[in-house]
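The sequence and structure come first.

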Amino acid sequence: MDETAERRVRQTIRDSLHDGTTAERPRAEDPGPAAGAIIELERVFLGFGENQILEDVSFLAQRGETIAVVGESGTGKSTTLKLILRHLQPDSGRVYVDGEDIASLSFQEALRVRKRMGMVFQGAALFDSMTVYENVAYPLREHTEYDEDEIERRVREKLEFVDLEPDRVMEQLPSELSGGMRKRVGVARAIANDPQIMLYDEPTSGLDPLTTGTITRLIMKLQRELHVTSIVVSHDIRSVFRMASQVAVLADKHIRFFGTPEEMAASDDRYIQDFLGGF
Ligand SMILES: Nc1ncnc2c1ncn2[C@@H]1O[C@H](COP(=O)(O)OP(=O)(O)OP(=O)(O)O)[C@@H](O)[C@H]1O
């Protein structure tokens, strides 16, 4: 991981949220968060200068669901994750996390909400100079007062959860691991603090089909055993169809489709059919 990427990851783990002032938004017509939704984007608009990225984007994830966000490159998938993490603020609209409009929270309040989320970055984004143990321990050292025994107990537990043998990998450096193992360590680090919500940015990119299957099963295991709510940005439609309860397709600044994989496969929208490419 290069220095810039490493800084970005450290910043995210430290919950260094955007602390800028929030523009006044009209609240009168705000219907509030949907019942049961743990993540909800409600009529979100976001642009960078002249470049409008999201227009009137709404979707929600109920507790325990896995929502896959798919779409062509540059349609705003990673941007959507950054909105949920509050690394970006919408120009208008709401982003609710567990019923709270995160853009309107104070820095400290947003930090509290942010701590409920675990993030798996593109390419795993481990700290190259730290051992596997230190990588997984990092969020625990940042956010908790656990003593070393408790940190080690948790690091071992999380490594076992992702099917890595603690005694074999803990002292290794990321460069000594295969791509799939690095991804698993990335997941172990993301779940170190027992988050309720997991965000994944292309968790299977660059992996061979077998390793992609392993990571896909791991995401499903997190849903099944820990009941986390997940938002997964992915280009891998096969893996999306295996793990997602709902799929959101971003196209031309909008949600072009939102529904189950079965509904997506049956969609008569030509764009969706072309996107699936005969899958
Ligand atoms: N901080 C930023 N400043 C300016 N433009 C940005 C910024 N972040 C993203 N963009 C632009 O927003 C658009 C959407 O980017 P984003 O990374 O969300 O796309 P994506 O759908 O995740 O793409 P990919 O599949 O290629 O990863 C792109 O055109 C990108 O150049």
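The sections below take the ligand shell, the sheet and the backbone angles in turn.

## Ligand shell

The model is predicted.

## Contacts with ligand oxygen atoms

For G74, a backbone N or O atom lies 2.9 Å from an oxygen atom of the ligand. G76 also has a backbone N or O atom placed by a ligand oxygen atom, at 3.0 Å. On its own the ligand has 630 Å² of accessible area, of which the protein covers 61%.

## The six-stranded sheet

Six strands form an open sheet with mixed pairing, in the order β6-β7-β8-β3-β9-β10. Its edges are β6 (117-120) and β10 (254-259). Each of these has a single partner strand, so one side of each has no neighbour in the sheet. From one strand to the next, the twist averages 15°.

Within this order, β8 and β3 stand side by side. Strand β3 (residues 66-71) runs parallel to strand β8 (residues 229-233), and four bridges join the two. Across this pair, A68 stands opposite V232 in β8. In general, the strands of a sheet pair through backbone hydrogen bonds, and the pairing is either parallel or antiparallel.

## Positive phi angles

Which phi value does R43 have, given that it is not a glycine? The angle is positive, at about 50°. R43 belongs to strand β1, which spans residues 37-48.

D98 is another residue other than glycine with a positive phi, here near 50°. D98 sits in the loop between β4 (92-97) and β5 (100-101). Is D98 buried, partly exposed or exposed? Its relative accessibility is 24%. Buried would require a value under 20% and exposed a value over 50%, so D98 counts as partly exposed.

Note on methods
Residues numbered from 1 in each chain as written. Predicted model: local features only at pLDDT ≥ 70, side-chain atom pairs only at ≥ 80, totals over all residues. Heavy atoms only, no water. Polar contact = N/O pair within 3.5 Å; in protein donor to acceptor, adjacent residues only side chain to side chain. Areas by Shrake-Rupley, 256 points an atom, 1.4 Å probe, with all protein chains shown as cover. Buried < 20%, exposed > 50% of the residue type's maximum accessible area, 1.4 Å probe, protein only. Pairing = 2+ DSSP bridges. Axes fitted to C-alpha atoms, helices over the stretch in contact; angles between N-to-C directions.
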